[in-house]
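Please read them alongside the coordinates.

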Amino acid sequence: MSTVELNDSKKLTDQDQEHLWHAMSRHTEGSSPMIAKSGEGSWFTDMDGNRYLDGVSGLWCLNLGHGRKEIAEAAAEQMMQLSYFPLTLSHAPAIKLSAKISELLGDSYKTFFSNSGSEANETAFKIARQYHNQNGNPGKYKFISRYRAYHGSTLGALSATAQANRRVKYDPGMPGFLHVPPPYSYRCPFGEDVKDCDKVAADMIDQVIQWEGAETVAAVIMEPFISGGGVIIPSPEYLQRVAQICKKHDILLIMDEVVSGFGRTGKMFGFMHSEGVQPDIVTMAKGLTSGYLPLGATAVHSRIYEKFKEQGTDNHFRHVSTYGGHPASCAVALKNIEIIERENIVSRVEVLGESILSSLKDLQTHKNVGEVRSAGFLYGIEMVEDKETKQPASDQLMAKIIALCKEKGLIIGRNGDTVPGFNNVLIIAPPLSSTEEDLKFVVKTVQRAFKEI
Ligand code: PLP
């Protein structure tokens with residue numbers, strides 16, 4: 001395609017409207033989508049030359065921002081050296097990356113590669129079922145996840161996703177997926193007077209396991225902090241308790257670190273906020289490559305893998321992904337991790353994350369702000385119509401504040417189809433490499449937008 005065609009804003013808009021089916025498209029006839037043209041650091045420029053700070057890192061993946069030349073070079077070099085090779089056999093970038101992931105997880109893990117977060121979770125489900133099936137527990141097939149959680153768009157991952165509006169047109173989901181209440185202190189599902197909502201929420205998992213029969217449950221899947229479902233941040237003890245409950249019942253703990261992995265929450269992985277927790281399976285995508293190329297990963301603790309090995313070759317994991325662990329994607333992931341370490345991104349997020357939080361917390365005096373929550377560079381502002389009743393903010397109010405921020409050059413998001421009427425959490429998740437000036441701009445812009453509503 002010629003540069004002229006790529007720069008023809010009107011033509012691109014027309015073709016977009018005619019041929020491109022957008023993710024989460026609401027078919028708003030006649031409204032032009034924003035077409036991005038270029039990016040630099042935390043900023044991108046659209047076809048009309050408007051510049052925006054991407055306060056949601058694309059889809060929470062662009063952790064190192066746009067334009068990292070050394071990442072592009074790592075991909076190009078790898079493509080020239082070995083353009084493709086399947087992981088039914090092996091290649092150096094995948095070997096090196098699997099070793100690096102194990103090192104970062106702080107224990108011995110084997111990694112199975114795929115292309116996305118959804119696939120990483122599907123892979124985890126199949127491994128968990130086969131693990132129990134081959135170890136004398138064929139009845140252990142159920143998965144427990146939490147209401148409001150998002151675990152992906154494919155049918156298994158969507159079945160673990162407990163967000164009503166996202167599922168309704170595709171239900172019934174797969175059999176064997178159960179949901180429990182989240183540790184959501186601001187609107188505690190067990191009652192407003194409950195003192196320790198996190199503890200009750202963890203104990204509810206124990207209770208459900210007993211009601212269902214532990215001999216029927218394969219795994220619990222959860223994010224360390226529910227991100228897309230409204231930034232729900234339990235205390236570190238919640239996950240410790242869940243891990244103990246899983247262990248007690250011989251149930252695998254799958255940590256979905258698709259959003260939280262690689263520094264987003266101020267630790268390399270979100271589960272690391274809870275001392276002593278070492279998940280059986282950790283799934284990752286997004287921040288693994290900072291979005292430069294697609295890659296998903298399912299890291300499985302060696303004690304699980306060893307059981308597969310013991311069972312002999314006839315009982316191997318019958319799963320394959322043509323592009324999973326593509327050499328170029330793995331080379332990009334290795335470079336991405338090298339930069340995260342070299343630039344001390346994780347501790348930077350930990351420190352700066354706290355100072356941004358204290359500025360954003362000031363918004364809690366605003367009549368429409370119920371609560372501001374965060375972990376690292378993942379912020380949620382729960383919007384209400386009324387602080388007393390906690391009635392969720394209307395769609396109009398949510399749209400207004402997002403539009404005001406956009407007008408001022410900042411893109412922010414909100415929780416998706418979580419619970420009908422409860423899509424009332426603004427989400428801010430800037431690139432982890434944002435400069436201090438960028439971060440000041442984020443805070444100032446949000447504050448200015450709130451002054452105007
Ligand atoms: N898990 C979590 C927590 C997510 O937020 C997402 C995507 O947003 C996924 C899984 C699915 O990842 P993907 O869109 O790469 O399939």
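1. Two strands are taken to pair if DSSP finds at least two bridges between them. Helices (H or I, at least four residues) and strands (E, at least two) are DSSP runs, numbered from the N terminus. This is a predicted model: local features need pLDDT of at least 70, side-chain atom pairs count only at pLDDT 80 or more, and totals for chains, interfaces and linings use all residues. Residues are numbered from 1 along each chain as its sequence is written.

2. The open sheet. Four strands make up an open sheet with mixed pairing, in the order β1-β2-β3-β14. β1 (36–40) and β14 (410–411) are at the edges with a single partner strand each, so one side of each is left without a neighbour in the sheet. β1 and β2 are antiparallel and pair over four bridges, with Ser 38 opposite Thr 45 in β2. β2 (residues 43–46) and β3 (residues 51–54) are also joined in the antiparallel sense, by three bridges. Thr 45 has Arg 51 as its bridge partner in β3. The hairpin of β1 and β2 has two residues between the strands, and Gly 41 in the turn has a positive phi of about 60°.

3. Met 34. This residue sits in the loop between α2 (9–19) and β1. Burial is judged by counting other C-beta atoms, placed from the backbone, within 10 Å of a residue's own: buried if 20 or more, exposed if 12 or fewer, partly exposed in between. Met 34 is exposed, with 12 such atoms within 10 Å. Met 34 and Asp 46 are 12 residues apart along the chain, and their C-alpha atoms are separated by 6.7 Å.

4. Domains. The chain is divided into domain 1 (34–67 + 346–452) and domain 2 (69–343); such bounds come from an automatic or database domain assignment. The centres of the two domains, taken over C-alpha atoms, are 26 Å apart. Contact requires C-beta atoms, placed from the backbone, within 7 Å. On that basis 32 residues of domain 1 are in contact with 32 residues of domain 2. On the domain 1 side, α3 (57–60), α13, β11 (369–375), β12 (378–386) and β16 (425–428) each supply at least two residues. That side has 15 nonpolar, 11 polar and six charged residues. For these classes, Ala, Val, Leu, Ile, Met, Phe, Trp, Tyr, Cys and Pro count as nonpolar, Asp, Glu, Lys and Arg as charged, and the others, Gly among them, as polar.

5. Strands β11 and β12. Six bridges link β11 and β12 in the antiparallel sense, and Val 369 has Met 383 as its bridge partner in β12. Their hairpin has two residues between the strands, where Gly 376 takes a positive phi near 60°. β11 is largely enclosed by the rest of the structure, because six of its seven residues are buried.

6. Helix α12. In α12, 12 of the 16 residues are buried, among them Pro 327, Cys 330, Leu 334 and Ile 340. The buried residues pack against α4 (69–81), α5 (92–105) and α13 (345–361).

7. The ligand shell. The ligand is surrounded by 16 residues, of which the closest are Ser 116, Gly 117, Ser 118, Gly 152 and Val 258; a residue is included if its C-beta atom, placed from the backbone, lies within 6 Å. Helix α6 (residues 117–134) gives the most to the shell, with three residues. By class the shell has five nonpolar, nine polar and two charged residues.

8. Backbone geometry to check. Most residues other than glycine have a negative phi, and most peptide bonds are trans. Ser 57 has a positive phi near 50°; Ser 57 lies in helix α3 and is buried, with 29 other C-beta atoms within 10 Å. Val 231 also has a positive phi, near 50°, in the loop between β7 (217–222) and α10 (236–248). Asp 171 and Pro 172 are joined by a cis peptide bond with omega of about 5°.

Conventions
Contact = placed C-beta atoms within 7 Å.
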